[in-house]
Every structure is written in C-alpha cells, then in structure tokens.
Amino acid sequence: MKKRILAAFGALIFACSLPLTEASAASSKQFSDVPASKYFAEAVYELAERNILGGYPDGTFKPGNSITRGQAAAIIAKMVKLDTANVKDPKFKDVSTANGYYKAIAALAEQGIINGYGDGRYGPNDPIKRGQMASILVKAFDLPRYDYNSNEIPFKDVNYTSHGLNIFIIYKLGITSGTTPDTFSPNAFITRGQAAKMLKATEEAKPKMVTLEASELVFDQISRIEADAIDSHFYEGLLVKGKNLPTSGDQIQLIPLKEGTSTLVISGVKDGSEVYKKYYVHMKKENGKLELALEQTEDSLPTVATLWFYENSMNEPLNDTVQNISLETMEGEKLSDNVAFEQCGTNGGCIVIDNSGQYIATVRFTGGKVVRYGIEAKPNKSSIYYDIRTLKEQRETVFKLKENFDIGKHIIQTKDADQIAIVTRDPGTNVFRAKATGENGYISVDFEKTVTERECFSENECVNNVWLGVTVNVGHIGSIVNVTINRNLMPNY
C-alpha cells in the first residue's frame, strides 16, 4: 500500500496533476537546484509555468534524477494534448487501471506512439533510456521522417537498427547532441533536466509541415514520390511507410523551405491498380509564415532530350563540333532554325522539348556533316517530365569484331529477319553490316564458336566477357529509322 501511495505521489508532482493553483504557485518560484546557468534551466521553468512538469515539495526539481517510462508517458501525453479521458486498455500486464499513469500510457499506446516489451509488459517504473525517448519524441510530435544517413551522424554507438533512425532524426533537427562528440549513449537513462531540455527543443525544432495521408489521396498505399523535381529546393518531400508511423497508412510529409513553386508526383496503388497524381506545390508567405498549398495538374514540364554524337554501332565519337541544331515537327513544320543547346556528357548535345509529340532535330557540324535525329515526347504519369526517346537516323551500320576472334560461322536465328534488316558479313572477316528494311524488330545472330574476352574497367576491376553472338536492333520514330548492332554476351559470367 505504501509503495502504491509513493508511486501515485511521484506521478502527481512530475506530471503536474496538481490542482492548478498549487502547480502555478510551484512554477512561480525558482527551484533551489536549477540555477539560471544550467543548460536546461530555461526549459525547466517554461514547462513548469505551463504546468507540464513540476518540482518537489521541498522546492527542488532534482534535475539529475532519472525519469520512468510512466512519467515520460504522462508528460508527453499532456504536451501533445492527447485525450486521456476516453482510452482503450492497452493490455499491458504491469499497467492496471489503478496505475497513476494508466490513462497516459493507454492514450499513447492507442496512437501507436509507445510499445511495450516483448513479454507483454510496459515497465512503467523502469527508467527511460535516451534511445527510447528519441523514438517517443519522433512519433509523439510527428517529426519529419528523414532517411537515415550514416554520413550525417557522428555517433559510433548508433546505427539504423533499434532506435537509430529516430536518434538520427532528432540529431538532424538539432534537438539533442551526444553525451560526447562521437557517442549518443542510447542505453543511458535520461535525467529530468535532460528531458525538459529535449521536450522544449522538440517543440521548437519541429518544422512547419503539411501531411498527406494515403486515404486523403484515395490511395490504398503510396509507392513512391517525385518531390521538388525542378531541383530548386523550395520544399522537402518525405515518403513515410505505414510501418514507421503510429497509424497503419502511408503518408507524405511536405516541409516548405522558401517561397516559390515546385512540383510533386505521387505514385500509389488503389484496388490493385497503379494510380498517379501530379501537383504544383506553391510556397508563399502569409502573415510572415511560409504556407504550402497543392494544385493538382496533368501538365508536363519542358524536358531535356539528349542527342548522342556517335559514328556507328562501334560508338566511335564524331570528332567534330556542332555548328547549330534546327528543330521541326515530324510533319515538317519548322519550329526553330537555331535551337539552344548545351554539351551533355562527353559526346552529347542537350535540347529542351516543350510539348508532347514527334520531332526531327537536324544537327549540322562545322566539318559539313549533317545528322538527323528523331525525338518522341510522351506524357509520363509517374513524372512531371515527358518520357523522351531519341534515335539517330542511321539506316545502315557496321560492327567490327577483333580479327583474332575465332567465331566460326554465324547463324541468323530470327525468322523472316530480312523484313527487319539485311545482315551480312564481309567474307573472311569479323565485320558485320546491317541495313534496315522496314519493321521495328530484333535479330539474333549466333556464333558457331563462343569467344572469351577480358575487359578491365580499372586496375582492380575486370570481367571475362563470353561472346555468344551479336544482335541487330531496328527502331523508328516517325520517318527516322535507326539500326544498331550490339554484342550478345553470356549473362552473369
């Protein structure tokens, strides 16, 4: 009986279930053991003033004492304003309805914020550990669920398992630091002073955030998001799967960073089918605060198309400089005699396509060579950008194997291959030629003898390629025809 009275008394003074007048009186004076010089002093006095926590009858706060899991539940339930009047029994073996923390524990358990031990206990009288506190704070205050990045956290005693992800989140938000520069001590007990500091810091550090639930989007689940695709850093988008949330459904967290407009594409599943939604995301300051609003759209943004400058199927670069690029529709309507372009990669030129459709880009080189490219832009449900395909006009091509390759005869395996391309081999050589004849398609050409070739990408990275033959591919974009010859290697050798 005495133990029960003491437990109830501890709940009373720490969770501030005291009558308002008494709690206010306690918070209006200084705690004798919390001088203003202490790093947690401001947090202690503010939370005491708000009746979130209180001191002891002797005028002390005892900042060095540990906090139990029951006390932590009571404090946090009060801070996040959970309904503790109507709760479901969490069925913890060691938390009866007579327990002073029962309602708070039940409320947090019902919201999925806390869990018990594997044996069915909650351990209300166990001191709470730093790692456990991190996980409760992330869930209770619904903090952004950043992806774990080991390069952004200095603690040697923290990894992705257990409470590691939540420790990373509160560290990234600046809520807490380690017990030393490179340790967090997740299994160390948290003190009353530390807890006060962490609670106040969590309130202050939580960024303004818009949360979209899968159910709000009329999705059964959210598969992926393409956030801020303009790469302008207007906002941050985080996909949080249900298993990492107090609730079972997936959600998206959107955190505005600065004024402007960006995009968001959401891919999900509804009734077993893939579904997509696209939005403009507008960030605007209203009354000094950054607000975020969504505008659903079916638009696609102007998209980069890359034209690769190679001579033939051997991927030999065109050693020439681009003079200019003109663009027209596939139907012959001239759009520009001099399209703006940029060098991309080692041997590519990038132009921007504004609208869906098929186009012909004509590239003129300073040496006099003229090459045409077919470009196809299609709306992409899963991206704010068009799905772009490009083909160099190349109706004939050549492919040269090494002369010392003993491949024997070649066998064309594809039926009616001539309807796709005419494939020949120069007599007595390993030189193959292909000429497109019409249809899109794929031709398989096997060698009588396989050949092994060692290929090295660096001093320590080499592979053995086993040549089975070559493949001939013919593709079309409108009137632009392309034929290529590629090697056919044994997979996973």
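Strands (E, at least two residues) and helices (H or I, at least four) are DSSP runs numbered from the N terminus. One of the positions linking the two strands is threonine 397, whose bridge partner in E19 is alanine 434. The model is a predicted one, in which local features need pLDDT of at least 70 and side-chain atom pairs count only at pLDDT 80 or more, while totals for chains, interfaces and linings use all residues. Residues are numbered from 1 along each chain as its sequence is written, and side-chain values use heavy atoms, with hydrogens and water left out.

The pair belongs to an open sheet of 3 strands, ordered E16-E19-E18 with antiparallel pairing. Strand E16 (396–400) and strand E18 (421–425) are the edge strands; each has a single partner, so one side of each lacks a neighbour in the sheet. Neighbouring strands are turned against each other by 15 degrees on average, direction ignored; the axes are lines fitted to C-alpha atoms, for helices over the stretch in contact, and angles run from 0 to 180 degrees between N-to-C directions.

## Two disulfides

The structure contains 2 disulfides, each defined as a pair of cysteine sulfur atoms within 2.5 Å. With bonded cysteines counted along the chain, their pattern is 1-2, 3-4.

Cysteine 344 is joined to cysteine 350, with the sulfur atoms 1.7 Å apart. The torsion about this S-S bond of cysteine 344 and cysteine 350 is about 135 degrees, so the disulfide is right-handed. Cysteine 344 is buried at a relative accessible area of 13%, and cysteine 350 likewise counts as buried, at 16%. Here buried means under 20% relative accessible area, exposed over 50%, and partly exposed in between (1.4 Å probe, protein chains only).

Cysteine 456 and cysteine 462 form a disulfide with a sulfur separation of 1.9 Å. Its torsion is about 105 degrees, so this disulfide is right-handed. Cysteine 456 is partly exposed at 46% relative accessibility, as is cysteine 462 at 26%.

## Helix H6 and its surroundings

Helix H6 (residues 130–140) is mostly covered, with 10 of its 11 residues buried. Among the buried residues are Arg130, Gln132, Met133, Leu137 and Ala140. The buried residues of H6 pack against helix H4 (69–79), helix H7 (164–172) and helix H8 (192–205), contact being defined as heavy atoms within 4.5 Å. Aspartate 142 follows H6 and has a positive phi, near 50 degrees.

## Nonpolar cores

The largest nonpolar core has 62 residues, and Met133 and Leu199 have the most contacts inside it. Such a core is a set of buried Ala, Val, Leu, Ile, Met, Phe, Trp, Tyr and Cys residues joined through side-chain atoms within 4.5 Å. The elements giving two or more residues to this core are helix H3 (41–49), H4, helix H5 (102–110), H6, H7 and H8. H4 supplies the largest share, 7 residues.

Leucine 199 touches Leu47, Ile75, Ile76, Met79, Met133, Leu137 and Phe141, when residues up to four places away in sequence are not counted. A second, separate core of 22 residues includes Phe399, Val451, Val470 and Val472.

Technical notes. Two strands pair if DSSP finds at least two bridges between them.
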